[in-house]
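Here is a short briefing on one protein model. Please keep the sequence and the structure open while reading.

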Amino acid sequence: MTTVLPRTPASDDRPLDILVVGGGINGCGIARDAAGRGLDVMLVEMGDIAGATSQWSSKLIHGGLRYLEYYEFRLVRESLREREVLLRLAPHLIEPLQFVVPHAAHLRPRWMIRAGLFLYDALRGASALPRSRAVSLSGDGLGAALSARFTRGFCYYDAQADDARLTLANARGAADLGACIATRTRLVSARAEHGLWQVQLEDLLHGGVRRVAARAIVNAAGPWVGEVQGRIDGAHAGARIKHVKGSHIVVPRLHQGAYAYLLQNPDGRILFAIPWLDRYTLLGTTDVPVEDYAAPAIDAAEIDYLCARASEYFAVPVRKSDIVTTYAGVRPLYDDGAGEAAAVTRDYVLHVEDIGGAALLNVYGGKLTTYRKLSEQAMARLAGHFPAMGKSWTHAAPLPGGDFDGGRAEFAGELAGRFAWLPREHLDVLVRRHGTRAAQLLDGCGMPADLGEHFGAGFYARELEYMVANEWAVTADDLLMRRSKYGIILDAAQRERVTRHLEGMRS
Ligand SMILES: Cc1cc2nc3c(=O)[nH]c(=O)nc-3n(C[C@H](O)[C@H](O)[C@H](O)COP(=O)(O)OP(=O)(O)OC[C@H]3O[C@@H](n4cnc5c(N)ncnc54)[C@H](O)[C@@H]3O)c2cc1C
């Protein structure tokens, strides 16, 4: 027998304005935007925040140079402009990154790359990032780790993000504005009655079913968008989704220097080699159409492909035995009918329908980079249902932790003065993860012992408990793979201590 639990967001019986389904980047972005316009919002996520596609990206906030070949000028322009906005709003989570494109004459002529980069620079509008340029790869410089046959190339700039924490920052921002964030909660069914959605939610952590009423549902379930539609009475598929798996391998750092490589492949695709977590290189990605999107994993052919393609460029070949870890995600792409998986648009489509006076908005496709703009447009599409809601606001409001008055380095310097006993390296990591909220996390600490148990590599009980209290962390995986990446850095015994500490907090 199931227990009926009370709704969490408010103690009264007022219906919600918006129920957002999906705690990926798009759902969290929409929840924050809506809450900031004064709407009563609840977000349900059946797993953890950023537990699906939004933690498995290439972690780039980018225009997408290769999309120019598919004439996606609108998308590239919007993405490049969003890159500038997001660099301003979340400087702790998003940083500029230089890309080097080795020239491979047999794949694309120099003039073509030069023209593409010229267009890329032109589409971005005002930017503090340097413009693209031709570079020499000979000698000890940008090509030092590459095979000697790559002597010339180009440089351009994009940005690198912590995708899971960017998603989390949006969830945190939504909650700070009054939204209820319910993780481990699944939308089971919804039916429109007298202009309101009557929704059944399943609490996957404690068991039981919770009922809420809402004026609008936003279906931001990413790869599950069609499945969630199937749970909503009367919903029509506004578009189709193509599920395309993309996988990455992580290997020990292939090159020194704080820049990434964009490597062209004979199949027309490109591969990124991106410095990651100081000690690794992230190599990806692939484009494999899949039917099963629930638990994606890299396959042997993708591993061979990534190793072989990277080995064509690097002086020292990349071998399977070098791989530290791998990950795979499924892109929920809007199906525009393109034959090749790599050619399917990365643009997004919003579809709104009115079912018995209740609104349903479905999100198809999109990129990490465009989530803020997508959220703004989602709210514009729902404006008719909420005539009194506030105006667009997210373009000027830093994400939680991003409100540095004088820049990240200055803030870290001030904090280093206040917490002089804390190794500077550890403090910088905290500021990169939590931004200005690192001060809140450390508040009241006066000596190393105040940080509690040390699990390894600078991860202390103090931060773990902060993540549980403020960031909806429930399991060790939430802490080690999304709130941080200690899951890759710590050994098995250290990870086990994290699990035991969590269990101790519960008992
Ligand atoms: C390999 C790869 C590389 C990428 N690289 C980049 C990149 O570098 N830059 C970039 O801009 N974009 C990139 N992307 C695209 C980007 O990651 C995705 O577009 C984005 O993360 C999708 O977010 P989402 O919120 O739509 O979906 P998701 O993150 O998948 O979120 C949907 C959520 O809905 C939840 N859900 C589903 N059903 C229910 C239900 N019934 N009840 C409650 N919750 C439910 C799921 O648990 C899930 O967490 C990449 C994608 C992949 C796969």
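The model is predicted. The protein is divided into three parts: domain 1 (4-52 + 165-240 + 346-396), domain 2 (88-160 + 242-334) and domain 3 (408-506). The ligand lies between domain 1 and domain 2, because both give residues to the shell around it.

**Domain 1 and domain 3**

- The C-alpha centres of domain 1 and domain 3 lie 30 Å apart.
- Their contact draws 10 residues from domain 1 and 6 residues from domain 3.
- On the domain 1 side, helix α4 (residues 163-176) gives the most, with 3 residues.
- By class, the side of domain 1 that touches domain 3 has 5 nonpolar, 1 polar and 4 charged residues.

**The shell around the ligand**

- Which domains supply the shell around the ligand? Domain 1 and domain 2 both give residues, so the shell lies between them.
- There are 39 residues around the ligand. Those that come nearest are Gly22, Gly24, Gly222, Gly246 and Gly329.
- Three elements, α1 (25-36), β9 (185-193) and β17 (325-334), each supply at least two residues of the shell.
- Strand β17 has the largest share, with 4 residues.
- The shell divides into 16 nonpolar, 18 polar and 5 charged residues.

- Strand β18 (residues 348-355) and strand β19 (residues 358-365) run antiparallel. They are joined by 8 bridges.
- Asp354 stands opposite Ala359 in β19.
- How many residues lie between β18 and β19 in the hairpin? There are 2 residues between the strands.
- Gly356 sits in the turn and has a positive phi of about 55°.

**Leu374**

- Leu374 belongs to helix α7 (residues 371-382).
- Is Leu374 buried or exposed? Leu374 has 26 other C-beta atoms within 10 Å, so it is buried. The cut-off for a buried residue is 20 or more.
- Setting aside neighbours within four places in sequence, Leu374 is in contact with Asn26, Gly29, Tyr348, Val363 and Gly366.
- Leu374 and Asn26 are 348 residues apart in sequence. In space, their C-alpha atoms are 7.4 Å apart.

Note on methods: Residues numbered from 1 in each chain as written. Predicted model: local features only at pLDDT ≥ 70, side-chain atom pairs only at ≥ 80, totals over all residues. Domains from an automatic or database assignment. Contact = placed C-beta atoms within 7 Å. Nonpolar A, V, L, I, M, F, W, Y, C, P; charged D, E, K, R; others polar. Buried ≥ 20, exposed ≤ 12 C-beta atoms within 10 Å, placed from the backbone. Near = placed C-beta within 6 Å. Pairing = 2+ DSSP bridges.
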